[in-house]
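Here is a short tour for anyone meeting this structure for the first time. Have a look at the sequence and the model, then read on.

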Amino acid sequence: MEIRSIRNKLFCIVVLLFIVVPEMFAFGAGIFYPRLVFSFHNVNKNFYWGAADKACDLATEKTPEINVLFRQPGNSFKAEFFPVFLTKKNYSSLYVKKIAYIYEEKEIIQLEDVKFKLSPDIISMDVYKDGWITNGTYYWMNGWEAKPENWKDKSKLWPETNFEKIFKNKKVGDEFPFKVRIIYHFDNEEEKQLDIDFIVTTLKGEYTSIFAGW
């Protein structure tokens, strides 16, 4: 009887947590979760964001070697910079001279003078290790597989950005242009500048329950 009573009490506590905690945090916009979040629509239609093998098959001369999306997990105030490489060679290094955000004619530098090591290995779709997936013409790699020279130096890692601090005075529903500029070169090839255009939409932030997915 005592064990059953303890179980009943634990069950009641869990139910209360499911009900009370989300309601409590719902009033914490700007404290427990972002007041606003931003959806980034990549304007370039010459890049397929699905499976790597299909991305290689759909690539053309107009497909950029690097493309970017932004991910903002859970209740984080910062969006992660997520690059993908789609090239004609299985390179072994990437040098980033500069990554900058262009907003309202201002350049906001996010990363400078960083070298990343890339695995030159060719892998298949079902192999879970670093390397390039290829169709024999184009090569695809998840940019987060790129290894910085010093993991402890956060200034030399892919950026994490609180866009509320950049996109000030925006309201829910606002849409506006935004650009990512990358100056880089793979291995010992010539330096290139890539401008990636986005249309950004302002959305209302919502609290993500810690019990999501249970």
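This is a predicted model: local features need pLDDT of at least 70, side-chain atom pairs count only at pLDDT 80 or more; totals for chains, interfaces and linings use all residues.

Let's begin with the strands. Six of them make up an open sheet, in the order E1-E11-E10-E4-E5-E8, and the pairing is antiparallel. Strand E1 (36–42) and strand E8 (147–148) sit at the edges; each has a single partner strand, so one side of each has no neighbour in the sheet.

How many bridges hold the pairing of E5 and E8? There are two, and the two strands pair in the antiparallel sense. Take Phe116: its bridge partner in E8 is Pro148.

**A buried serine**

Now find Ser93, which belongs to strand E4. Is Ser93 buried or exposed? Its relative accessible area is 13%, and buried means under 20%, so Ser93 counts as buried. Leaving aside neighbours within four places in sequence, Ser93 is in contact with Lys115, Phe116 and Leu118, and also with His185, Phe186 and Asp187.

**Two loop residues with positive phi**

Next, the loops. Glu105 is in the loop between strand E4 (93–103) and strand E5 (106–117), while Asn169 is in the loop between strand E9 (160–161) and strand E10 (175–186). Glu105 has a positive phi although it's a residue other than glycine, and Asn169 also has a positive phi without being glycine. Here are their values side by side:

| Residue | Phi | Relative accessibility |
|---|---|---|
| Glu105 | near 65 degrees | 81% |
| Asn169 | near 65 degrees | 77% |

Why does Glu105 count as exposed? The cut-off for exposed is over 50%, and Glu105 has 81% relative accessibility, so it passes. Asn169, at 77%, counts as exposed too.

**The largest pocket**

Last stop: the largest pocket, with a volume of about 350 Å³. Which residues lie nearest its centre? They are Lys154, Leu157, Trp158, Pro159 and Glu160, out of 14 residues that line the pocket. Sorted by class, the lining of the largest pocket is made up of eight nonpolar, four charged and two polar residues.

Methods: Residues are numbered from 1 along each chain as its sequence is written. Side-chain values use heavy atoms; hydrogens and water are left out. Helices (H or I, at least four residues) and strands (E, at least two) are DSSP runs, numbered from the N terminus. Buried means under 20% relative accessible area, exposed over 50%, partly exposed in between (1.4 Å probe, protein chains only). Two strands pair if DSSP finds at least two bridges between them. On a 1 Å grid over the protein atoms alone, a cavity is a set of points where a 1.4 Å probe fits but cannot get out, and a pocket is an open set with protein on both sides within 12 Å along at least five of seven lines; lining residues have an atom within 4 Å of a point. Grid points are joined across faces, edges and corners, and a volume is the space filled by probe spheres set on the points. Ala, Val, Leu, Ile, Met, Phe, Trp, Tyr, Cys and Pro count as nonpolar, Asp, Glu, Lys and Arg as charged, and the others, Gly among them, as polar. Contact means heavy atoms within 4.5 Å.
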